[in-house]
Amino acid sequence: MPLNVIPFPNIDPVLISIGPFAIRWYALAYIVGILGGWFYARAIARSEALWGGKAPLTVTDYDDFILWVTLGIILGGRIGYVLFYNAPYFVEHPAEIVQLWKGGMSFHGGFIGCIAAVVLFAKKRGIPVLALGDVTCAVGTIGLFLGRLANFINGELWGRASDLPWAMVFPTGGPAPRHPSQLYEATLEGLVLCAVLALLIRAGALRRPGLIIGAFAIGYAIARSFCELFREPDQQLGFLWGGLTMGTLLSLPLMLAGIALIAVALRREPARRT
C-alpha cells in the first residue's frame, strides 16, 4: 500500500455476537434509521406551526404507520435489488433471496415499497396521501445517511480507482486506492438532503402537499447521479446504456416524477388549516 493512502479502518461488520446470534451494523442502521425517522415524524406531526394549523395526520397515525413503512422499505428494497441488480443469480439461487444479512438492498425498490405503504395506509386511515408522503420523505433521509455509513463499515459498494489523498484500499476492492463513495452518498443523500428538506418545511412547504416528496425525489436523484460518477458499478452489471450505471438510470424517472410533483404543488394555493 502506498504510504500516502488512508488505510481502511476494517471495522467488524458484526457489532455484537452472542452464540449463533449476531447484530450487524447494517441491520442496526436500518433499526436506528427507522426509529430516528419515527421520532422526527412525530415532532413534525405535532407542530401546528409547520402546517399552518392542525396537521392532517396525528402522532398516533404515524405510530401505527411505522410498521407499514418498515415492511415496505425492507420488502421493496430487497425485491428491487433482486430484480434490478442481480436477477439471473437469484433465479439460480432462490433460497438466497431472503438472506438479507448478506446485504443487497435497492434504494429505488425501497422507495417503491414506501410509496405502496403510504398509499395503502393513507387510504385505510383516511389521511391525505401526499401529506403522509411528505413527512415520510422528510424523515427518510436519516435512514439513507445511516445505511450508507453501514455500507462503508461493511467495505462494500466502494468507489472507482483514484489517486486523491483520501482514497482508500478496500479489503474486497483489489490493491488500487478507491473513492470512499459510500461517504459521499451518506453526506449528500443523507445529511445535505435532510437539511434542505428541513429548511423547506420551516419555510412552509408542508402547506403545499407533494412539494416535499418532489424535492426529495429531485434531490436524491441529483445526489445519487453525482455520486455514481465516483462509485464503481456493480460487477454483474457494469456500465449500461450510454456509459451510465443502473443507479443513474433508475434515478432519471425519479427526477422527472419529482419535477412533476413540484409543478403541481406550486400551482395549488397553500392549504389553510384550522
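Author: Welcome! Helices (H or I, at least four residues) and strands (E, at least two) are DSSP runs numbered from the N terminus. This is a predicted model, where local features need pLDDT of at least 70 and side-chain atom pairs pLDDT 80 or more, while totals for chains, interfaces and linings use all residues. Residues are numbered from 1 along each chain as its sequence is written, and side-chain values use heavy atoms, without hydrogens and water.

Reader: Which helix gives the most to the lining of the second largest pocket?
Author: A pocket is an open set of points on a 1 Å grid over the protein atoms alone, with protein on both sides within 12 Å along at least five of seven lines; a lining residue has an atom within 4 Å of a point. At least two lining residues each come from helix 5 (107–125), helix 6 (129–153), helix 8 (211–228) and helix 9 (246–267). With seven residues, the one that gives the most is helix 5.

Reader: Which residues lie nearest the centre of the second largest pocket?
Author: This pocket has a volume of about 360 Å³, the space filled by probe spheres set on grid points joined across faces, edges and corners. Its lining is made up of 21 residues. Those nearest the centre are Phe111, Ile112, Ile115, Ile213 and Leu254.

Reader: How many residues of that pocket's lining are charged, how many polar and how many nonpolar?
Author: Ala, Val, Leu, Ile, Met, Phe, Trp, Tyr, Cys and Pro count as nonpolar, Asp, Glu, Lys and Arg as charged, and the others, Gly among them, as polar. Sorted this way, the lining of the second largest pocket has no charged residues, four polar and 17 nonpolar.

Reader: How much space lies in the largest cavity?
Author: A cavity is a set of points where a 1.4 Å probe fits but cannot get out, and the model has one of 30 Å³ or more. Among the residues that line the largest cavity are Tyr85, Arg224, Glu228, Asp234 and Met246, and helix 8 and helix 9 each supply at least two of its lining residues. The lining divides into four nonpolar, three polar and five charged residues. The space in this cavity is about 60 Å³.

Reader: Where is the kink in helix 6 centred?
Author: The bend at a residue is the angle between axes fitted to the seven residues ending there and the seven starting there. In helix 6 the kink is about 30°.

Reader: After helix 6, which residue other than glycine has a positive phi?
Author: Helix 6 is followed by Gly155, with a positive phi near 65°. In the loop between helix 6 and strand 4 (168–169) there is also Leu157. A positive phi near 55°, in a residue other than glycine, belongs to Leu157.

Reader: Which residue in strand 3 stands opposite Val14?
Author: Two strands pair if DSSP finds at least two bridges between them, and strand 2 (residues 14–18) and strand 3 (residues 21–24) pair in the antiparallel sense over four. They form a hairpin with two residues between them, and Gly19 in the turn has a positive phi of about 60°. Opposite Val14 stands Arg24.

Reader: Is Pro20 buried or exposed?
Author: Buried means under 20% relative accessible area, exposed over 50% and partly exposed in between (1.4 Å probe, protein chains only). Pro20 lies in the loop between strand 2 and strand 3, 44 Å from Gly126, C-alpha to C-alpha. Its relative accessibility is 76%, so Pro20 counts as exposed.

Reader: And is Tyr81 buried or exposed?
Author: Tyr81 is found in helix 3 (residues 59–85). Because its relative accessibility is 16%, Tyr81 counts as buried.

Reader: How far apart in space are Ala95 and Thr60?
Author: Ala95 sits in the loop between helix 4 (87–92) and helix 5, and at 57% relative accessibility Ala95 counts as exposed. Along the sequence, Ala95 and Thr60 are 35 residues apart. In space, their C-alpha atoms are separated by 38 Å.
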